[in-house]
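Student: Hey, can we go through this structure together? I'd like to start with the ground rules.

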Amino acid sequence: MARTGGQLVVDALVANAVTQAFCVPGESFLPILDALHDTSSIRLTVARQEGGAAMMAEAHAKLTGRPGICLVTRGPGAANAYAGVHVAAQDSTPMIVLVGQIATGDMDREAFQEIDVKAMFGDQVKWAAQVNETGRLPEYLARAFSLAQSGRPGPVVLALPEDMLSGTAETVAAPASAPVHAHPSPAGMDRFGAMLRAAERPLLIAGGPGWDAGLVDRFVAFAERWALPVSCAFRAQDRFPNTHPNYAGDAGLGINPALAERIGRSDLVIALGARLGDCTTSGYTLFDSPVPKQPVVHIHPEPDELGHVYRPTLPIAASVAAFIEAAGALDAPADPVWADWTNQANAAYRAWSDAATPMPGAVNWGEAVIWLRENLPADAILTNGAGNYAVWLHRFYRHRAYRTQLAPTSGSMGYGLPAAIAAKLAAPDRTVIALAGDGCLQMTVQELGTLAEADLAIIVLVVNNSMYGTIRMHQEMHYPGRVSGTSLVNPDFVALARAYGLKGERVETTGQFGPAMQRALAADKATLIEIVTDPRGLSPTRVME
């Protein structure tokens, strides 16, 4: 039976077990919207701007482990979605972006909203292509699902001309695509075991894609058996329980100086899944390039990533799952010589993060984060975008379970709110907290409308210091007293939330935070809490005079 291109697209989504898609509608892909009308297995969430839709799709993929689906229109729609695509690229998140395109007969005329999708997304994605024949849609979509999930996961973008989507074809159904993963060799694992047994000061850095809750449990068992100190890469703090006695803290922005020093003194660094990018390596200073002075074992699913910046002593191309399975068969020493080293690493982490640092003004944001740490359930999901407000979160909050942290390693502002919406849709029974700075929230603040329409009981925390705090911090470091372009005139965030039909509260002292949170947690609808902080508090360790 002949089917339209729109029907073929939706059939492929169903075949690949897609249950959630995000979009901003466009006339260029009306045949897909029409086919979705007859499909009860896929929920379509309509965002207010394509950047928000793409970030929702990316966060959904992070939380579920399945490719996020985003549908946008050509030209400005694709341009807006680029922000979320960049998050997926740098976070190694599987995502498929379907871009409604102008009709094939209008190509190369600079028609209304015409854009060359392949040129626009280029090497930012794993694959960008345009489907010009309706009958080839199953082929392209099968490849898109396979490529997005295999090796180092990432985004794929397909341009779909409107006449191709409305056209019909008799063709085979799109198959379900299974990802392809690399496995470590026996020789590589033997060498890894020998290097680990010979070490005196090993340290493991965990991060990257391909994890799930079961893998984290097996990873914890491996670390316990070998008494290894475990650090987590930038914004991958949920790869290992932060309350575990083997936890050494996160290697990211605002790193504990004691952890940085410990990485430098280590005689074997094991990077499991992490890319060892600039945020994890403190601007490429924790290791010498191209050859680190410390022996490094680097395990990553993408062979091209091994040696990309640092030449590892032992590169292992393998998925996290395959490596952890193989590592479970290695014989651990009965009494590792580095047990005290591990205990010292954990003690240094606790000394760094147990208590909040002093802050000017009536609100100590660090103490508020510690309230979250001590009162939220272990499986609460915290999302955030970019800004110095997140440094307190990363330092003082303790993630106790996998996928309780959704944050962009790309440092994209505006991520927290759309990510929280996607998280609550995927996990309606879990507590979801979106964190944002005043500048960060206003990048995607219109998604409060999406939140209101979906009627999701999430909590949005807005840390308002009336400036772009991260940039001001660097401005004060390099151009002290010369404020330029970093101040903000903000709306009344509480009134804005109420205008959308949400609850709103303002916190102006530290003591007001806990009661406001208790009310928000008990509410049956979303609550926005504006937290007014003193702009002099630039970070937990830096106060502006």
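Tutor: We'll take the ground rules, then a helix, the cysteines, the aromatic rings and a strand pair.

Student: So what am I looking at?

Tutor: This is a predicted model, where local features need pLDDT of at least 70 and side-chain atom pairs count only at pLDDT 80 or more, while totals for chains, interfaces and linings use all residues. Residues are numbered from 1 along each chain as its sequence is written, and side-chain values use heavy atoms, with hydrogens and water left out.

Student: Is helix α13 buried or exposed?

Tutor: Eight of the 11 residues of α13 (residues 365-375) are buried, so the rest of the structure largely encloses that helix. Buried means under 20% relative accessible area, exposed over 50%, partly exposed in between (1.4 Å probe, protein chains only). Helices (H or I, at least four residues) and strands (E, at least two) are DSSP runs, numbered from the N terminus.

Student: Which residues of α13 are those?

Tutor: Among them are Trp365, Trp371 and Arg373. At the N-terminal end, Asn364 caps α13, with a side-chain oxygen 3.0 Å from the backbone nitrogen of Gly366.

Student: Switching topic: how many disulfides are there?

Tutor: The search of the whole structure finds zero, a disulfide being a pair of cysteine sulfur atoms within 2.5 Å. For Cys23, the nearest cysteine sulfur belongs to Cys70 and is 8.0 Å away. Cys23 is buried, at 0% relative accessible area.

Student: And how many aromatic pairs?

Tutor: There are 12. Rings of Phe, Tyr and Trp (its six-membered ring) pair if their centres lie within 6.5 Å; planes under 30 degrees apart count as stacked, over 60 as edge-to-face and the rest as tilted. Tyr82 and Phe121 are stacked, at 5.2 Å centre to centre and 15 degrees between the planes. Tyr82 sits in helix α4 and Phe121 in helix α5, so this pair ties together parts 39 residues apart in sequence.

Student: What about Phe219 and Phe240?

Tutor: Their centres are 5.6 Å apart and their planes at 75 degrees, so that pair is edge-to-face. Ring pairs also link Phe219 and Phe240 into a cluster with Trp211, Tyr247 and Tyr349.

Student: Last one: in which sense do β19 and β20 pair?

Tutor: β19 (residues 503-507) and β20 (residues 527-532) pair in the parallel sense, over five bridges; strands pair if DSSP finds at least two bridges between them. The chain gets from β19 to β20 through helix α20 (residues 510-522), and this β-α-β crossover is right-handed, meaning that with the strands pointing away from the viewer, the path from the first strand over the helix to the second runs clockwise.

Conventions:
Polar contact = N/O pair within 3.5 Å; in protein donor to acceptor, adjacent residues only side chain to side chain.
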